[in-house]
Amino acid sequence: MLAYLIRRLFAAAVMLVVIVMVVFGIFFLVPKWAGVDVALSFVGKQADPAAVEGVRQKLGLGDPIYAQVWEFFKGIFAGRTYVGGGDVIHCSAPCFGYSFRSEQAVWPVLTDRFPVTLGLALGAAVLWLILGVSAGVLSALKRGSLWDRGAMLVALSGVSLPIYFTGLLSVAIFDIGLGWIDAEYVPLSDSFGGYFASMLLPWATLAFLYAAMYARITRATMLEILGEDYIRTARAKGLKEQVVIRKHAMRSTMTPLLTMLGMDLGALIGGAILTETTFSLPGLGQAVLNGIKTQDLPIILGVTLITSLAVLLANLVVDVLYAVIDPRVRLA
């Protein structure tokens, strides 16, 4: 197990270097090759020419490409100092960039908003796993029953309806109409009860979409596994049906679900834009949306990088869970 973990950590470290280089290339090299002034993108089209030249010096855009890549990569782990235009700006590690438009480092912006998005993703993940997997397993065990048809109909509705529709509908019914839940966001540091109440609708809205997908996949996977030879053998040996389902069928069913969970959870941490916009949550989704509106390139770059790292970390956790669930993975 230790050797497997070391291999996965080494692969994750290599992938981290690749991600940083790809992100740098997308936001710095590609615009340059396309004839776009990167410095102008950092300060805005209406900026003073002297300010644009100062940013160009601070970013070292005239340096060789390998030097720019090294400074960008080094800044994440050791911090970075921007010198140019008569100013000296220090960005402490981890430095994911500096917004010359808002005159603030990107990392504090991300750390302020990251807990909101993380809470949204984790809370919704707990809900959709409980509801989706339970509904899928019951539908597979009661194939063709009224429950099976009803659950799959609800799941089809969940997959078909967009988040902004279900989100606005839930606000109109439970907040404006019935007044049961307050949709206005309350920070966790202010009140746990207020935070839970304000996040209940976003969690339910996001979980409804994903629970529907997980229910359909769980049902299909469970039905396929229940027809396998080793399941028939376990039943023929006289094992109780609960033991067959819990120890044999569910264990095999969890493998594709873990793959989906790693990708979905990693993507949500950096990209729950529609849900955060619908419920006015001050998370990473709103940060990148505001960055696009104001053309604040460092904020977009920082959110893109943190999203990539979240997906990488989520997949690393999934790989470890694979080894726990299926020992064969450790020797593969």
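How many nonpolar, polar and charged residues does the lining of the second largest cavity have, by class? In this predicted model, that lining has four nonpolar residues, one polar residue and one charged residue. The residues concerned are F24, F28, L59, Q68, F72 and R80. Helices α1 (2–33) and α4 each supply at least two residues of this lining. The space in the second largest cavity amounts to about 40 Å³.

The structure holds two cavities of 30 Å³ or more, and the largest cavity has a volume of about 110 Å³. Of the 15 residues lining the largest cavity, F72, R80, Y82, F96 and G97 are the closest to its centre. Three elements, α4 (65–78), β1 (80–84) and α13 (297–325), each supply at least two lining residues to the largest cavity. The greatest share comes from α4, with three residues. By class, eleven of the lining residues are nonpolar, two are polar and two are charged.

The largest pocket has a volume of about 250 Å³. Its lining comprises 13 residues, and F114, I269, I306, A310 and L313 lie nearest the centre. Helices α5 (106–141), α10 (241–271) and α13 each supply at least two residues of this lining. The most is given by α13, with six residues; α13 also supplies at least two residues to the lining of the largest cavity.

The discussion now turns to helix α3. Within α3, the residues V52, G54, V55, K58 and L59 are buried. Viewed down the axis of α3, these buried residues fall within an arc of 160 degrees, and they therefore line one face of the helix. Just after α3, G60 takes a positive phi of about 65 degrees.

K58 is located in α3, which spans residues 49–59. Is K58 buried or exposed? Its relative accessible area is 10%, and K58 is therefore counted as buried, the cut-off being under 20%. Apart from its neighbours within four places in sequence, K58 is in contact with R80, Y82, V83, G84, D87, I89 and F100. Two of these partners, R80 and Y82, are among the residues closest to the centre of the largest cavity.

The disulfide remains to be described. The structure holds one disulfide, formed by C91 and C95, whose sulfur atoms are 2.3 Å apart. Why is the disulfide of C91 and C95 right-handed? The torsion about its S-S bond is about 110 degrees, so the disulfide has that hand. C91 is buried, with a relative accessible area of 2%, and C95 is likewise buried, at 3%.

Methods:
Residues are numbered from 1 along each chain as its sequence is written. This is a predicted model: local features need pLDDT of at least 70, side-chain atom pairs count only at pLDDT 80 or more; totals for chains, interfaces and linings use all residues. Side-chain values use heavy atoms; hydrogens and water are left out. On a 1 Å grid over the protein atoms alone, a cavity is a set of points where a 1.4 Å probe fits but cannot get out, and a pocket is an open set with protein on both sides within 12 Å along at least five of seven lines; lining residues have an atom within 4 Å of a point. Grid points are joined across faces, edges and corners, and a volume is the space filled by probe spheres set on the points. Helices (H or I, at least four residues) and strands (E, at least two) are DSSP runs, numbered from the N terminus. Ala, Val, Leu, Ile, Met, Phe, Trp, Tyr, Cys and Pro count as nonpolar, Asp, Glu, Lys and Arg as charged, and the others, Gly among them, as polar. A disulfide is a pair of cysteine sulfur atoms within 2.5 Å. Buried means under 20% relative accessible area, exposed over 50%, partly exposed in between (1.4 Å probe, protein chains only). Contact means heavy atoms within 4.5 Å. The arc is that of the directions from the helix axis to the C-beta atoms.
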